[in-house]
Amino acid sequence: MTAETTGEASPGEASFQLLAEHLPDLIIFAFDTDLRMWAAIGGGLRARGWTSEEFIGMTVPEIAGATRAEDIRSCCEAALAGQRAQLEMAGYDPPDRLWSLHFVPLNGGGPRGGMVLCRDVTEQRRAEERLQASQRQLAEAQRIAQVGSWEWDLETDELTVSDELCRLFGLPIGIKLTMTEGVAAAIHPADQERVATMLGRIRDDPSRFVLEHRIIRSDGDVRTVLAHGEGVVDEDGRLVRFIGADQDITERRRASAERRRLLHRVYEAQEGQDRRLAADLHDGHVQSLAAIGFKLEQARLRLGASGSPEVDELLWQVTKDLSAEVTSLRRTIGRLRPLVLVEDGLEAALREEATSACTRAALVSCEVTSELDGRLDPVVETALFRVAQQALANVVDHAGATHALVAIECSARGVTLRVSDDGRGFDPDHVQVLADIAHFGLIAMRERVEALGGRFQVITAPGEGTVVQAKLPLTDPIERWEA
């Protein structure tokens, strides 16, 4: 192990020396029963500009200085007694490096002694500290965001979960589960079939998925979580596992439900106010204006030939203007409380509204197609009618279209209203910001639909027409529309 003995080393010793010389962070010291070092090798010497001669003749405790000398002495004596020992200490030169020292006995036919295998672990420890800090930050971020991560091994069905996911589900920290056990134990019974269907579908599909479902914690509390995940494939392109995260969105869903409830009450109150106003206008002002018109007509007839032609013409013009105003007021009353919606249903009301829009905008056509079979819930009918009414008003006032289409589609889960036109279109981002100024009413339509747990969408671009779409569910609000 010294320059003088290298040529006398056995093949095994030579291989060991070659290995030590090629490990850049390793230094090996050999010492005798007096703890005096008689050999020093390793790539760590050369990497730091040290030589074997600097250490040969020193005692092992001297390399630690006064601070750890006694600790090193104890470890050396343990090696001399045939035991192994280990410690970490600051560097010999420079002192900001961290070294891991392993003390082992030297066995063989020679004199009794030991070896110290010294390895610079500074970067390893720093990396470990950074990793631990990152793990702490990740755990804290998961706790704050109420997000727990998981990994699913498809071959073994094993499910590895983070501590936060355990807390989210009310499970013991560090629990070992399979995906099958996890679904059976934690997923709400009403959602288990839907979750199982999703899991079966993604086993051959590594693309990203999103699934909302309910869980039952171990304490019986029902929570709603949003699961995100995506597959991981091996070098052969075979799907081997999934990684993902679950976020507790219970409070968000409750807040959203409360917001929808309040909006629903607002629109109920608004509809009630509109009905009362329509009744007041019809029973009061319309009747009064009609009576005034009748009296004017009687006055014109009584004047007859005795009156001047100018007065007769003026009375006739006032009577016509009054009649036109009564017609306009009746139209306003119809918009406030569409009797056809109440009496004949949504399809009839949409056809009447489409006919009116076609006339006012001089459209070539404004068709209505419907899959309705009977009446819907009055609240749903009113919401869809108001959306169609506003969308058609936009066609009349802004679109510059020649054709429009109102379509109602039905499914087992809900009903979809679609109002489309071939007009000039618009930039939806700009209009969403300036909705009240531009009088498009998109915000009001969106809020009305979302108040009933539905989804509202506008598809448009300048010069490409516009499609306004509203979907209202006819099922439990927990079930979301598929994208």
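Which residue in β5 is the bridge partner of Trp99? It is Asp120. The notes below set that pair in its sheet and then move along the chain.

1. Basis. This is a predicted model, in which local features need pLDDT of at least 70, side-chain atom pairs count only at pLDDT 80 or more, and totals for chains, interfaces and linings use all residues. Residues are numbered from 1 along each chain as its sequence is written, and side-chain values use heavy atoms, with hydrogens and water left out.

2. The five-stranded sheet. Five strands form an open sheet in the order β2-β1-β5-β4-β3, with antiparallel pairing. β2 (37–41) and β3 are the edge strands, each with a single partner, so one side of each has no neighbour in the sheet. On average, neighbouring strands here are turned by 20° against each other, direction ignored. Strands (E, at least two residues) and helices (H or I, at least four) are DSSP runs, numbered from the N terminus. Two strands count as paired if DSSP finds at least two bridges between them.

3. Strand β4 (residues 98–106) is joined to β3 (residues 85–90) by six bridges, and the two run antiparallel. Ala85 has Phe103 of β4 as its bridge partner. Met89 stands opposite Trp99 in β4. On to β5 (residues 113–120): eight bridges join this strand to β4, again antiparallel. The Trp99 and Asp120 pair belongs here.

4. Strand β1. Six of the six residues of β1 are buried, so the strand is largely enclosed by the rest of the structure. Buried means under 20% relative accessible area, exposed means over 50%, and partly exposed lies in between (1.4 Å probe, protein chains only). Both faces are covered: one side carries Leu26, Ile28 and Ala30, the other Ile27, Phe29 and Phe31. Six bridges tie β1 to β5, and four tie β1 to β2. Both pairings are antiparallel. Ile28 has bridge partners in both strands: Leu117 in β5 and Ile41 in β2.

5. A turn to check by eye. β1 and β2 form a hairpin with five residues between them. Leu35, in the turn, has a positive phi of about 65°.

6. Helix over the sheet. Helix α3 (residues 69–80) lies across β1 (26–31), β3, β4 and β5. The helix runs at about 30° to β4. Axes are lines fitted to C-alpha atoms, for helices over the stretch in contact, and angles run from 0 to 180 degrees between N-to-C directions.

7. The six-stranded sheet. A further open sheet has six strands in the order β8-β7-β6-β11-β10-β9, with antiparallel pairing. β8 (177–178) and β9 (209–216) are at the edges with a single partner strand each, so one side of each lacks a neighbour in the sheet. Nine bridges pair β10 (residues 222–233) with β11 (residues 239–248) in the antiparallel sense. Asp246 in β11 is the bridge partner of Ala227. Helix α7 (residues 189–202) lies across β6 (147–153), β9 and β11, at about 150° to β9.

8. Nonpolar cores. A nonpolar core is a set of buried Ala, Val, Leu, Ile, Met, Phe, Trp, Tyr and Cys residues joined through side-chain atoms within 4.5 Å. The largest has 38 residues, of which Leu346, Leu350, Leu384, Val387, Leu417 and Phe456 touch the most other members. Helix α12 (residues 378–399) gives the most, with 10 residues. Another core, of 27 residues, lies apart from it and includes Met89, Trp99, Phe103 and Cys118.

9. Packing of α11 on α12. The axes of α11 (residues 346–361) and α12 come within 10 Å and cross at roughly 10°. That makes the two helices roughly parallel (angles under 35 degrees; over 145 is roughly antiparallel, 65 to 115 roughly perpendicular, the rest oblique). Contact means heavy atoms within 4.5 Å. Among the residues that meet are Leu346, Leu350 and Glu353 in α11 and Glu381, Leu384 and Phe385 in α12. The contact residues divide into 11 nonpolar, one polar and three charged. Ala, Val, Leu, Ile, Met, Phe, Trp, Tyr, Cys and Pro count as nonpolar, Asp, Glu, Lys and Arg as charged, and the others, Gly among them, as polar.

10. Phe294. This residue sits in helix α8 (residues 250–303). Phe294 has 53% relative accessibility and counts as exposed. The C-alpha atoms of Phe294 and Thr319 are separated by 8.3 Å, and the two residues are 25 apart along the chain.
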